[in-house]
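Welcome! Here is a short briefing to read alongside the structure, written for someone meeting it today.

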Amino acid sequence: MTFAKWIYNHTNQFKKDYKNLRDTQIQEKVNEGIKNTMESDYPRQLGIHKVSNIDCIYGYEIGRRYRILYEVFDEQGKKDVIFYRVGLHNIYRSSINRIKPSEI
């Protein structure tokens, strides 16, 4: 999926996490967060940098309890955002298998 400024990518884990949310209001807020990230000139500024001990991963807040974990790639004129996880705040403790856009 391509937005005006960035190329959208997500992992299979993100897709599973999204389906497990089960609350349509939270899913709508996640969709809005993704849209805000993808339409931003600087998506890194929307998130909290260096989430926990994970370097280069950003955490976008969805209310008090939910977070979206993503990484931004801006290399050689190609602009990609990969969404890794979505869920309750404790996803910061989960392992994340970082990938490059070319691996999707």
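Predicted model: local features only at pLDDT ≥ 70, side-chain atom pairs only at ≥ 80, totals over all residues.

Residues are numbered from 1 along each chain as its sequence is written, and side-chain values use heavy atoms, with hydrogens and water left out.

**Nonpolar cores**

- A nonpolar core is a set of buried Ala, Val, Leu, Ile, Met, Phe, Trp, Tyr and Cys residues joined through side-chain atoms within 4.5 Å; buried means under 20% relative accessible area, exposed over 50%, and partly exposed in between (1.4 Å probe, protein chains only).
- The largest nonpolar core holds 18 residues, and Phe14, Val30, Ile34, Ile68 and Phe83 have the most contacts inside it.
- At least two residues of this core come from each of α2 (24-39), β2 (58-62), β3 (66-75) and β4 (78-88); helices (H or I, at least four residues) and strands (E, at least two) are DSSP runs, numbered from the N terminus.
- There is also a second, separate core of eight residues, with Leu69, Ile82, Tyr92 and Ile96 among them.
- Beyond its neighbours within four places in sequence, Phe14 is in contact (heavy atoms within 4.5 Å) with Tyr8, Val30, Ile34, Ile68, Phe83, Tyr84, Arg85 and Val86.

**The largest pocket**

- A pocket is an open set of points on a 1 Å grid over the protein atoms alone, where a 1.4 Å probe fits, with protein on both sides within 12 Å along at least five of seven lines; lining residues have an atom within 4 Å of a point.
- The largest pocket is lined by His10, Thr11, Asn12, Gln13, Tyr84, Arg85, Ser95, Ile96, Asn97, Ile99 and Ile104.
- Both α1 (12-20) and β4 supply at least two residues each to this lining.

**Individual residues**

- Asn97, in the segment after β4, is exposed, with a relative accessible area of 65%.
- Asn20 sits in helix α1 and is partly exposed at 49% relative accessibility.
- Asn20 and Gly87 are 67 residues apart in sequence, yet their C-alpha atoms are 8.5 Å apart in space.
- Arg22 belongs to the loop between α1 and α2 and is exposed at 68% relative accessibility.
- Arg22 has a phi near 65°, a positive value in a residue other than glycine.
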